[in-house]
Amino acid sequence: MTFAERAAELRERVEQAAVLAGRDPASITIIAVSKTFPRELIDEAYDHGFRDFGESRVQEIRDKLATPLPVDSTLHMIGQLQTNKVRQMLRYADVLQTVDRPNLVKSLSRELPKQERELEVLIEVNIAGEEQKGGCSPEDASTLLASLKDVPLVQPCGLMTMAPYDAPAEAARHVFRGLRELRDRLQQETGLELPVLSMGMSDDFEHAISEGATHIRVGRMLFGER
Ligand SMILES: *Cc1c(COP(=O)(O)O)cnc(C)c1O
């Protein structure tokens, strides 16, 4: 299949899942996860109308974005981030989806004023409680969010999660529902608006859409196997 065919199929499935859930397809943003794929494929995706891109390693972002993306693109950092990479990450990313510990918040509060820029962030939550996975516990999300409230130039927009790899559909749905319910609770608790739910990848985005995903992160289905 060509990229155009894969993109058309993806968009059709997103639309169907949205309609089935009684949602407006336009309320769902597809993030084209271009990690491990060359810059040419980002440009091809851009030419086919994609404007949101996901990358997970700072070094790779630096290499691939030596020539900046067109100004109407949005780069989402979706990988685990070491605090010593925050400064470089800020040169490229528009959204950081993986805030999961106080150290990272501290580092952002130091670097953002230096670079005189704002950053949209999501809190990554490990809903399934898997070991060796990024993301804070649902209990810690509330504390993290409260600490973000005090950081100038940071805009907390919502939550992000990953379903366990190879999880059966029902288990994935359970995780996605858990993220949505946590978001609802945090909104009430903090009074913050948290409209973004980033959840769902190539194998499970339809379930994520039916549970309320506003952003799905799709790599393999668009670009091929890694
Ligand atoms: C790689 C990755 C994706 C995309 O996964 P695919 O299976 O290629 O669709 C989504 N989210 C995160 C955090 C990733 O690391």
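**The ligand and its surroundings in a predicted model**

Good morning, colleagues. I begin with the ligand, which is surrounded by V33, K35, I78, M160, M162, M201, S202, R217, V218, G219, R220 and R226. Please bear in mind throughout that this model is predicted.

A polar atom in the side chain of S202 lies 2.5 Å from one of the oxygen atoms of the ligand. The backbone also takes part: a polar backbone atom of G219 is 2.8 Å from a ligand oxygen, and for a polar backbone atom of R220 the distance to an oxygen atom of the ligand is 2.8 Å. On its own, the ligand has 380 Å² of accessible area, and the protein covers 94% of that area. As for where the ligand sits, the space it takes is the largest pocket.

I close with the chain as a whole. Which elements of secondary structure does the chain contain? There are nine helices and eight strands. The radius of gyration of the chain is 17 Å, close to the 17 Å given by the globule rule for 226 residues, so the chain is as compact as a globular protein of that length. Along the principal axes, the C-alpha atoms fill a box of roughly 45 × 40 × 30 Å.

Conventions:
Residues numbered from 1 in each chain as written. Predicted model: local features only at pLDDT ≥ 70, side-chain atom pairs only at ≥ 80, totals over all residues. Heavy atoms only, no water. Near = heavy atom within 4 Å. Polar contact = N/O pair within 3.5 Å; in protein donor to acceptor, adjacent residues only side chain to side chain. Areas by Shrake-Rupley, 256 points an atom, 1.4 Å probe, with all protein chains shown as cover. 1 Å grid on protein atoms, 1.4 Å probe; cavity = no way out; pocket = protein on both sides within 12 Å on 5 of 7 lines; lining within 4 Å. Sits in = over half its atoms within 2 Å of the grid points. Helix = DSSP H or I, 4+ residues; strand = E, 2+ residues; numbered from the N terminus. Rg over C-alpha atoms; globule rule 2.2 N^0.38 Å.
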